[in-house]
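Please read the points with the sequence and the coordinates at hand.

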Amino acid sequence: MENLLVEIKDRSAAEILAWALDKFGAKVALASSFGAEDMVMIDMMAKLGQFKVFTLDTGRLHEETYQLICQARERYPQMDLRVMFPDRTAVEEMVNSKGINLFYESVENRKACCYVRKIEPLSRALAGLDAWITGLRADQTPNRSAMNLIETDRVPLTQQTIVKINPLLHWTNDQVWNYIKENNVPYNVLHDRGFPSIGCAPCTRAIEPGEDLRAGRWWWELDNKECGLHVGAEGKLVRATVT
Ligand code: SF4
């Protein structure tokens, strides 16, 4: 992994994406929630040719997110998009036993919902890939500041080793939005309504000026701003080996 880091550490985000497509071909995909960072990378990758994207449709997304997905499919025909849904039986068992909005009742319930609606579908999306690309930025959370441009990761359910690439790790929020404006990139209109980070509708709110960028995620919990896609159950980066 150190060799790969040496190969990309001085490259721009667009150059890292080009490198990733060249290196991993059809075995690399961008994980996208269609947030601002993801739209930047979708635009960059579209300029390189065909590319794979997967998104997790938890069944609880904002309507605005679905609208953006439609918009992105039209704007970027180079995008090979795979929409991952949660296991129907698991969702039915969960909501029938614990309630449709179980996540508000306890951290345990919230993690159970994220597991069924995100972690298990993520594991299926990553199966068969050698690498995945994320829109993580270092200044979003303390956990993320400990990440690197390229890491060894593990698929949650299988523990299969996979490379994780974070091309925008060192970008600022301003850089993201400057790119979007300069390149006329479509984006989720919720960003204009105070949502810097957009996830599931019941678990995301707008933030006030000056609040932390992740303050709108699971706002009823005191200090947990990750869903488990990038951290372990204790909030530590157990699935990522920083190299
Ligand atoms: S973010 Fe909320 S609704 Fe979405 S999977 Fe997690 S707990 Fe469930």
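**Notes on the predicted chain**

1. Ser123 is found in helix H6, residues 107-126. Helices (H or I, at least four residues) and strands (E, at least two) are DSSP runs, numbered from the N terminus. Ser123 is buried, at a relative accessible area of 6%; buried means under 20% relative accessible area, exposed over 50%, and partly exposed in between, with a 1.4 Å probe and protein chains only. Apart from neighbours within four places in sequence, Ser123 is in contact (heavy atoms within 4.5 Å) with Val155, Pro156 and Leu157.

2. This is a predicted model, in which local features need pLDDT of at least 70 and side-chain atom pairs count only at pLDDT 80 or more, while totals for chains, interfaces and linings use all residues. Residues are numbered from 1 along each chain as its sequence is written, and side-chain values use heavy atoms, with hydrogens and water left out.

3. The chain contains eight helices and seven strands. Of its 243 residues, 54% are buried. Among contacts with a separation of 6 or more, 68% join residues 24 or more positions apart. The accessible surface of the chain is about 11300 Å², and carbon and sulfur atoms hold 51% of that surface; accessible areas come from the Shrake-Rupley method with a 1.4 Å probe, and for residues only the protein chains shown count as cover.

4. The largest nonpolar core has 46 residues, of which Phe34, Ile42, Met79, Ile133 and Ile165 touch the most other members. Helix H3 (residues 36-46) gives the most to this core, with eight residues. A second, separate core of twelve residues includes Met84, Ala125, Trp132 and Val155. Such a core is a set of buried Ala, Val, Leu, Ile, Met, Phe, Trp, Tyr and Cys residues joined through side-chain atoms within 4.5 Å.

5. Which residues does Ile42 touch, not counting residues up to four places away in sequence? They are Leu30, Ser32, Phe34, Phe51, Val53, Tyr76 and Met79.

6. Two backbone angles deserve a look. Most residues other than glycine have a negative phi. Phe34, however, has a positive phi, near 65°. Phe34 sits in the loop between strand E1 (28-31) and H3, and counts as buried because its relative accessibility is 1%.

7. Gln159 also has a positive phi, near 65°. Its place is the loop between strand E5 (150-154) and strand E6 (161-165). With a relative accessible area of 41%, Gln159 is partly exposed.
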